[in-house]
Amino acid sequence: MKIKRIPLIFCVVIAASVAAAIYVRADKVQYQGSSLGSLRSPNHVGQTTEVRVAAANSVSTRGPSSIRYKTAFAESNNYWAYAHEILPAAKAGDPDAQFYLSRLLEKCDQDNKMFFQHKGQKLTLDEGLQFAVQRHLSMASAQSVFEKCHEFQENDPAELGSAAAWLAKATDAGQPLAQATTASKILMQELMQRFSQASGAPNPNASDVIESNTDPRELLRLAVESKDPEVFFSIGDVQTLLDPTNTDASTNRLAWWLVACERGLDCSANADWVKNTCASDPQCASVDSPRDFVRTLAQDSWPDVEQRAREISAKLDAGKWDELGI
Amino acid sequence: MKVTGYMYTSPYVQYFVVQSVTPIDGTGNSISGESESAQELFYNTFDQSLFGANRSIPTAVNEPDSYAASFINSNDEEVVPGIGYALILMGINQGSIPTGTVITVTFSDGTTAQYVKASPTATYQWTWNGTAHNKKGQLIDRAGGLIQNPNTAGLGSGVVTAPGFNPGGVDWNWVLNNLNECYVTVTADVSGESIDLGGFTIPC
């Protein structure tokens, strides 16, 4: 009997180990980022990354938690309330909550400065709207900023923590959008340092130095496996920063954007990033299909952009991450 | 590039004899020890600083007065939307400009500043990169204060020739050694009439 019990116990132990390994593996698949112990300070370059995703379900390899936060962020009309709603989860270590808390803190800070502050003074709604009109900025955008962010001006947001600290935590936890956002910030910061080095003038964002040994390419490489269209958009956006001497960077940028648009990113005239980009260009209001805006930007290079986008898509579908040129 | 050498002058010829050439950054530090790719990146940035997005068509934007009349003591909530508006007037959608591109913004008082394109997702689509000049071309900070030349390693030297200066018919020249600054006066002789175009001080 003893001889038979030992293999039985052994099998139970093996089965438990396998189950634990599968559990751990599943957890890692959701956020494949390595532990990147780095703390980053705020970057006034101001990548608020308010890119709404119309078809959140297109995110193929991410968990429902991520989609839930993404949708809630896109639909929220009061970031102050939403911030307090997700704060406990962020404190408990939820990387999605940490990332979206970081995103809304940075967005409200930048938006309030743009629309409801002037020469360091806070503006009322009426004053802000008048100031927007003076600068040919959208009244609707100003109204929206007030609705979502005015409580950050009226209250002390310190209890919510800093955008940079939450972003660092989310990046360390392998949240793909956090990884992509951090990579963009590092690349922009490196560029600003090079400008300072070239001109001899001090870098006005020197206090925002991001102290990290993390290679932004590695962050993007990890993030792309999420197949999140926002990550594709970020990769497109930093093409000229990744390789400033590449004369083909413009085609690559638009190709990645086209892939992002085709895979669910909101690229309509109503998308916040399109509104930001268009500012006072009335022609932007005419785009209504996901491809239209990219086609408008591509002009004569549209066939090349489409071809490059097909190549990128094929590699993404095949999981050939190392062949994506990141 | 830091070029050292001396001026060879004789009654018949005059030329500069190069003794060394060293690539340096804006503060005078050598970058010759950097890797080839790092140097290429630096030169690319430097090129952009000088010429903007494209050497053939340098992107220069005139900031509308209604947004900001001077860079000095300006705020980016005024300057940045003004850049977008000016680009629209030029027929350029700022969305077509890649992130990281540099443009030179000229203000109506003659001050200029360089701005870098930020991400389309950013509220502030343009970010000042720290470089600005007053109307005299001197490097300034946001408050208009002069930024001293950071590259002061070595003092200026050279030879100034004054052909025909001496009524005796022999060219006359003088040598400058180890000077911090040179004051340059510009005079144009047009049809025998001399016109004073003013003067300025530069690091030698």
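Which residue in β4(B) is the bridge partner of Ala60(B)? Thr104(B) is that partner. The model is predicted.

Start with the two strands themselves. β3(B) and β4(B), the latter spanning residues 102-106, run parallel. Three bridges join them. Strands of a sheet pair through backbone hydrogen bonds, either parallel or antiparallel.

Now widen the view in chain B. Four strands make up an open sheet, ordered β3-β4-β5-β6. Its pairing is mixed. At the edges stand β3 (60-62) and β6 (126-133) of chain B, and each pairs on one side only. From one strand to the next, the twist averages 30°.

Next, look at what lies on the sheet. Helix α8 of chain A, residues 176-199, lies across β5 (112-117) and β6 of chain B. This helix runs at about 5° to β6(B).

Helix α4 (residues 95-116) and helix α6 (residues 139-154) of chain A have axes that come within 9 Å. The axes cross at roughly 115°. The crossing of α4(A) past α6(A) is left-handed. On the α4(A) side, the contact residues include Cys108(A), Asp111(A) and Phe115(A). On the α6(A) side, they include Val145(A), Lys148(A) and Phe152(A). The residues of this contact divide into eight nonpolar, two polar and two charged.

Definitions and conventions:
Residues numbered from 1 in each chain as written. Chains lettered and ligands numbered in written order. Predicted model: local features only at pLDDT ≥ 70, side-chain atom pairs only at ≥ 80, totals over all residues. Axes fitted to C-alpha atoms, helices over the stretch in contact; angles between N-to-C directions. Left-handed = near helix turned anticlockwise from the far one by under 90°. Contact = placed C-beta atoms within 7 Å. Nonpolar A, V, L, I, M, F, W, Y, C, P; charged D, E, K, R; others polar. Pairing = 2+ DSSP bridges.
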